Every structure is written in C-alpha cells, then in structure tokens.
Amino acid sequence: MRDSDRTYALVVGASTTVGAEYARQMAARGHGIVVVARRQRLLDRLADEIRAQHGAPVRTLAVDLLEERALETLLEHTRDLTIHALVCNANLHRVGPFEETALDTKLHMLRMNAELPMRLAHAYGPAMVARRSGELIFLNALNCMTALDFDGVFQGTKSFLLVFGESLWAEYRRYGVKVGVAMVGGIEGSESYERKLSEVKRRIVKWAGASMAPSHIVAQSLEQLDRGECILIPDVAVPVNRLGYQVGVAARSLRSRTVTRMMSGFYRWLLDGEESQAAGVHPAGRRPVPSMARGRPPARVEPLFDEDRPLPAPESPKAVPTPYASEGPASIAAEPRP
Ligand SMILES: NC(=O)c1ccc[n+]([C@@H]2O[C@H](COP(=O)([O-])OP(=O)(O)OC[C@H]3O[C@@H](n4cnc5c(N)ncnc54)[C@H](OP(=O)(O)O)[C@@H]3O)[C@@H](O)[C@H]2O)c1
C-alpha cells in the first residue's frame with residue numbers, strides 16, 4: 001500500500017487493556033496506528049508488537065491529556081495523516097463524596113470524559129464527513145445512566161458522552177460516518193477496575209458475565225459498529241449486560257428516588273477495593289456524616305445574608321488558577337519516515 005493511501009486509527013488512551021486492544025484490532029483491519037497515553041514505555045512496547053505482527057506503521061505520542069496544550073500537540077502529530085477511526089478511551093474516574101472531592105479533580109473528570117471526546121470529534125469528525133467515511137468510538141460504562149450518591153460527576157460526564165455519541169450517530173449516519181458508544185462492564189486487567197473492586201467482587205461480576213477480557217470487548221464492539229449500531233454492548237446476549245444498561249435507562253425515565261437510593265446502595269456494596277474504601281464509598285470505609293451521625297443537631301449554619309452585619313469590603317480580584325496546568329513538553333516518537 002502506498003503511504004498516501006494509508007488510513008490511520010487514532011486511539012486516545014492506548015497504553016493498557018481496551019485501548020491497546022483497539023490499536024491491535026484496528027491494525028489487523030489494515031490501518032496504520034497512532035497511540036496516545038502518558039506512559040511512553042508501554043506505548044513503545046505496543047508499537048513494536050503491532051509493527052511485528054501486522055507490519056503496520058505506528059506512531060506514539062506520550063502526553064498528559066490534562067495539559068493545556070495536549071490537544072494541540074496531538075493535532076500537530078497527526079496533521080499529515082488520514083484519520084479514519086478515532087477511539088476515545090482515556091478517562092478519569094474518582095469516586096467519593098462530592099464535598100470531599102477537590103474541585104480540580106471534578107474539573108479534570110469533566111475535561112477528560114466529556115470535553116476531550118467532544119473536542120476530538122470536533123477536530124477529526126469534519127474530515128471524515130468530507131470523505132464520507134470514518135469511525136468514532138467513545139468508551140463508556142454500562143451503568144452510565146444511573147445516578148449514584150458518591151459518583152455524581154463521573155456519572156454526569158458519562159451520561160453526557162452517551163447522549164452526545166447518540167446525537168452524533170444520528171447526524172453523521174447520513175454521511176457514512178459510523179459513531180458508536182461502547183457500553184462496557186468490568187474490564188479484566190484494568191488498573192482502575194482492580195483498585196475499585198476487591199478480588200472477591202471482581203469474581204462475582206465475572207461469574208454474572210458483566211466483566212470481560214479486553215480482546216472480547218473490542219471484537220464485539222467493532223462487530224456491532226460494522227453493523228451500524230450506535231449503542232455497542234459487548235456480550236449483549238448475556239442478560240446482565242442488557243439489563244445493566246436497561247435498568248439505568250428505566251431508572252432515568254421513572255425518576256424514582258427509591259431506585260436511585262437502591263442503586264447507590266448496590267454500588268457502594270460492590271465497590272470495596274482499596275481506592276473505594278479510602279474514598280469512603282464502601283460501607284466498611286464510610287465516614288460518618290459530621291455531628292448528624294451521633295444524633296447531635298448540625299452545627300449552626302451561618303445565614304447567607306444578615307441584614308445587621310455590615311457588608312465586607314470588596315476583595316481585590318484573585319487570579320483564577322487554570323484547571324489544566326501545562327507542565328513539561330509532550331514526548332513524541334514518530335514512525336521513521338522515508
Ligand atoms: N475499568 C473498567 O472496568 C471500566 C468499566 C466500565 C467502563 N470503562 C470505560 O472504559 C474506558 C477504559 O477504562 P480504563 O479503566 O482502562 O481507563 P484508564 O485505565 O483510566 O485509562 C485508559 C487509558 O487512558 C490513558 N490515560 C489515562 N489518563 C490519561 C491522561 N491524563 N493523559 C493521557 N492518557 C491517559 C491510560 O494510560 P496512561 O496511564 O499510560 O496515561 C490508559 O491507556 C474508559 O472510558 C472507562 O470509562 C471502564
């Protein structure tokens with residue numbers, strides 16, 4: 001194949017599990033590959049493997065996507081390539097009580113899980129539309145429609161991603177561009193999954209059929225995307241996977257407070273890994289609500305507006321720190337060009 005005819009798959013968040021597997025399976029479909037994540041060492045290893053197995057050209061880009069100029073760097077890195085497929089896999093998921101979670105962490109979740117996929121689609125979608133061919137895949141969670149009392153920001157970002165992806169599917173289908181939202185349960189081998197659920201809970205989820213090997217997830221989602229589907233549910237024939245999604249949708253439309261409380265309780269029980277306990281999510285690690293827990297009345301709440309108190313002098317405006325501090329240059333390793 002001539003270099004100018006080659007199409008590429010860009011996998012954002014490709015150093016581990018599902019992302020790495022999308023890169024492998026896209027290479028098996030004949031695409032050149034661009035892999036993006038923070039850990040250069042893992043990207044290099046993956047690139048060597050893909051080159052050896054599929055003879056495909058691979059570019060790697062080690063960059064922290066939370067950095068201000070990361071997207072610019074990425075665009076620069078791929079400017080000369082025809083990106084046929086874009087896989088948005090990178091994400092940030094921190095559980096914990098809303099008031100105990102730092103604002104920066106919340107903003108970073110919005111940035112990674114909602115703003116970034118939208119910006120990537122904005123950057124790469126128009127060329128696909130112009131060519132009347134392309135694929136956009138957004139990685140999402142099966143339970144993304146479920147409201148959880150310790151996971152509101154993450155669930156909110158993933159709900160956005162679902163509706164955004166479905167809307168784009170409806171818009172782009174007339175141009176021959178496929179858009180899929182992959183609704184995934186547990187990902188075997190995922191570091192984040194292993195930090196959130198203990199081994200016992202992971203075994204229960206696997207037994208129920210709701211966790212899968214990355215290769216299986218990717219193969220199934222690509223098969224469903226090929227058929228033009230938008231909601232890609234790996235192992236959709238297994239009831240727990242279909243149900244996991246449908247319960248979330250039903251809970252949304254019922255707007256039932258009881259369902260929200262029940263689902264929150266269920267996931268608090270399920271998420272008993274180290275990270276979940278440290279964040280006070282699982283009942284075993286749950287911190288009591290201050291004072292109320294011991295039956296005392298809550299501390300006196302300062303009135304928002306006290307007419308007898310003089311108004312404080314206006315403060316001089318403070319500089320607002322940018323949530324995506326830019327630190328250090330991204331490192332780029334490109335396929336040696338002839
Ligand atoms: N884990 C699960 O069981 C599970 C369940 C349901 C849905 N999902 C969805 O499946 C997808 C993958 O999940 P995951 O748990 O495997 O995600 P992850 O471990 O948090 O990250 C996936 C990839 O993104 C990269 N990444 C993370 N933060 C980055 C940053 N700031 N800049 C650049 N790259 C970054 C990671 O590599 P580096 O660390 O090398 O940067 C990795 O290659 C997500 O969209 C998630 O919502 C996961």
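**Ligand shell and overall fold**

In this predicted model, the shell around the ligand is made up of twelve nonpolar, ten polar and four charged residues. The ligand is surrounded by 26 residues. Gly13, Arg38, Arg39, Ala90 and Tyr193 are the closest.

The chain holds eleven helices and ten strands. It has 338 residues, and 37% of them count as buried.

Valine 12 counts as buried because 26 C-beta neighbours fall inside 10 Å, where 20 or more are needed. Beyond four places in sequence, the contacts of valine 12 are Val36, Val87, Cys88, Asn89, Ala90 and Leu120. Asparagine 89 lies 77 residues away along the chain, yet its C-alpha atom is 5.7 Å from that of valine 12.

The average pLDDT is 87, and 84% of the residues score at least 70. Over residues 293-307, however, the pLDDT is below 50. This stretch has five contacts beyond near neighbours in sequence. Residues 319-329 also stay under 50. For them the model has 13 contacts beyond four places in sequence. Where pLDDT is low, predicted coordinates should not be read in detail.

Notes:
Residues numbered from 1 in each chain as written. Predicted model: local features only at pLDDT ≥ 70, side-chain atom pairs only at ≥ 80, totals over all residues. Near = placed C-beta within 6 Å. Nonpolar A, V, L, I, M, F, W, Y, C, P; charged D, E, K, R; others polar. pLDDT = per-residue confidence, 0-100. Contact = placed C-beta atoms within 7 Å. Helix = DSSP H or I, 4+ residues; strand = E, 2+ residues; numbered from the N terminus. Buried ≥ 20, exposed ≤ 12 C-beta atoms within 10 Å, placed from the backbone.
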